[in-house]
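These are notes for a colleague who is opening this structure for the first time. Please read them with the model on screen.

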Amino acid sequence: MTASTEAADLFRRATGREPAGVWSAPGRVNLIGEHTDYNDGFVLPFAISQRTAAAAALRDDRVIRVTSTFSDEAVEASIDELESLFPTPEGTTPAVAEWAAYPLGVAWALRQAVAADGAPSEAFERGLDIVFASDVPVGAGLSSSAALEGAAAGALNDLWSTGLDAKQLARIGRRAENEAVGAPTGVMDQMASMLGADDNALFIDCRTLDANLVPLGAAEAGLEVLVIDTLVKHAHSTGGYRDRRDACERGAAALGAEALRDVAVDDLARAAELLDDVTFRRVRHIVTENQRVLDTVRTLREHGARAIGELLLSSHASMRDDFEISVPELDTAVEAAMAAGAVGARMTGGGFGGAAIALVDAAAIARVTTAVERAFAEAGFTAPRIFTVAPAAGAHRDA
Ligand code: GLA
């Protein structure tokens with residue numbers, strides 16, 4: 001059963017009526033460009049076929065009632081209450097269950113974005129029932145949160161007739177994540193989820209939000225993308241992620257740059273003199289990673305997917321040694337995949353857990369999978385979950 005059918009079924013059971021529509025948005029894998037998004041830099045993610053669906057219909061009152069397959073509890077808030085629920089003060093947890101802070105946060109951010117121009121329609125003053133179902137694994141670094149935001153944004157935008165475009169909805173999703181959930185993330189995941197397309201990666205300039213499709217060409221090269229979910233859980237609303245973000249801001253300020261996007265590889269020698277060792281290494285990761293994204297886009301276009309292995313590996317090394325966001329499980333996944341013949345591999349997503357990806361010959365999937373499983377067993381790690389992904393369509397209305 002797809003997430004879409006499941007959401008529609010649960011909607012009927014939970015509300016006793018038919019949904020007005022079903023909207024869905026995918027998770028994503030980032031091919032390369034990690035922690036560059038909030039530095040105004042470049043990223044190259046792709047949307048995957050695992051999706052979160054929202055079945056929804058307007059109500060006659062002003063209540064937004066969200067239900068999902070991942071919680072027994074429905075959560076309700078009146079439209080008039082959203083302003084008092086959000087933003088969530090920094091360092092505190094949302095006033096509603098965290099999963100519900102995503103869709104209610106999207107409703108809040110969307111209303112703030114359009115309210116300035118006055119209510120766009122009669123429907124804008126009505127509440128909704130929204131029911132979510134998802135097959136995006138949570139905590140695996142595959143952006144289950146962006147999928148949830150994207151599905152909610154699609155449903156609200158249509159049912160409230162707010163007429164926003166995909167990039168505006170991506171910004172709204174990010175705002176919900178930053179200010180309602182309290183995770184200080186960039187805009188990559190929401191952009192990938194909204195704008196992804198079959199067979200393509202999405203090259204995004206996170207300063208301008210210009211986004212261009214880049215054919216991944218994995219199938220033509222006889223390759224597949226393997227995801228190795230370490231099952232090590234991470235949460236970006238706490239700890240390391242925010243810390244790295246702060247270090248980047250400090251580094252940019254010390255270098256007199258608006259953002260690390262504006263620092264070039266050639267500026268690193270000067271940066272090494274000005275910055276303390278840790279800040280310098282954080283900066284070096286971002287600056288070299290931005291360059292690797294540009295190199296990957298060019299290499300994919302000129303030489304195809306088989307030629308990007310080295311770039312993936314140097315990205316991983318930079319995250320492990322300079323940005324220090326890898327964990328032993330992720331390093332083991334990368335090393336074991338490479339030793340078993342992968343073309344390239346790296347951790348993907350925010351780090352501190354989650355998943356690695358490996359670019360692998362279609363014929364070698366079983367061999368690489370077994371090698372990684374064996375390496376995990378030998379290291380005494382929990383067995384990873386390993387599966388293939390392919391670039392798939394971005395957010396859309398399903399029914
Ligand atoms: C998480 C965030 C993104 C991005 C990545 C790291 O997925 O949600 O905005 O910063 O980490 O590249």
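1. Overall make-up. The protein chain contains 12 helices and 12 strands; these are DSSP runs, with helices being H or I of at least four residues and strands E of at least two, numbered from the N terminus. The radius of gyration is 21 Å, close to the 21 Å from the globule rule for 399 residues, so the chain is as compact as a globular protein of that length. That radius is taken over C-alpha atoms, and the rule is 2.2 Å times the number of residues to the power 0.38. The C-alpha trace spans about 60 × 50 × 40 Å along its principal axes.

2. Basis of the values. The model is predicted: local features need pLDDT of at least 70 and side-chain atom pairs count only at pLDDT 80 or more, while totals for chains, interfaces and linings use all residues. Residues are numbered from 1 along each chain as its sequence is written, and side-chain values use heavy atoms, with hydrogens and water left out.

3. Of the 399 residues in the protein chain, 60% are buried, where buried means under 20% relative accessible area, exposed over 50% and partly exposed in between (1.4 Å probe, protein chains only). A contact means heavy atoms within 4.5 Å. Among contacts with a separation of 6 or more, 74% are between residues 24 or more positions apart. The accessible surface comes to about 15100 Å², and carbon and sulfur atoms hold 49% of that; the areas come from the Shrake-Rupley method with a 1.4 Å probe, and for residues only the protein chains shown count as cover.

4. Charges. There are 35 positive and 58 negative side chains, and the centres of the two sets are 1 Å apart. Lys and Arg count as positive and Asp and Glu as negative, without His or the chain ends. Each charge is placed at NZ of Lys, CZ of Arg, CG of Asp or CD of Glu.

5. Strand β1. Which strands pair with β1 (residues 21-32)? Strand β2 (residues 42-58) is joined to β1 by 10 bridges and runs antiparallel to it, with Val-22 opposite Ala-55. Strand β12 (residues 396-397) is also antiparallel to β1, through two bridges, and there Trp-23 stands opposite Arg-397. Two strands count as paired if DSSP finds at least two bridges between them. For β1, 12 of the 12 residues are buried, so the strand is largely enclosed by the rest of the structure. In the loop between β1 and β2 sits Asp-40, which has a positive phi of about 65 degrees although it is not a glycine.

6. Strand β6. Is β6 (200-205) enclosed or open? Six of its six residues are buried, so β6 is largely enclosed by the rest of the structure. In a regular strand the side chains alternate between the two faces of the sheet. In β6, Asn-200, Leu-202 and Ile-204 point one way, and Ala-201, Phe-203 and Asp-205 point the other way. Two bridges link β6 to β2 in the antiparallel sense, and Phe-42 has Asp-205 as its bridge partner.

7. Helix α6. Seven of the eight residues of α6 (residues 188-195) are buried, so the helix is largely enclosed by the rest of the structure. The buried residues include Met-188, Gln-190 and Met-194. What covers them includes β1, β2, α4 (144-159), α5 (166-181), β6 and β7 (210-215).

8. Two further loops. In the loop between α2 (82-85) and α3 (98-115) lies Pro-87, and the peptide bond from Phe-86 to Pro-87 is cis, with omega near -5 degrees. Ala-123 is in the loop between α3 and β5 (128-134) and is buried, with a relative accessible area of 12%. Leaving aside neighbours within four places in sequence, Ala-123 contacts Leu-58, Leu-159 and Trp-160. The C-alpha atoms of Ala-123 and Pro-184 are 32 Å apart, and these residues are 61 apart along the chain.
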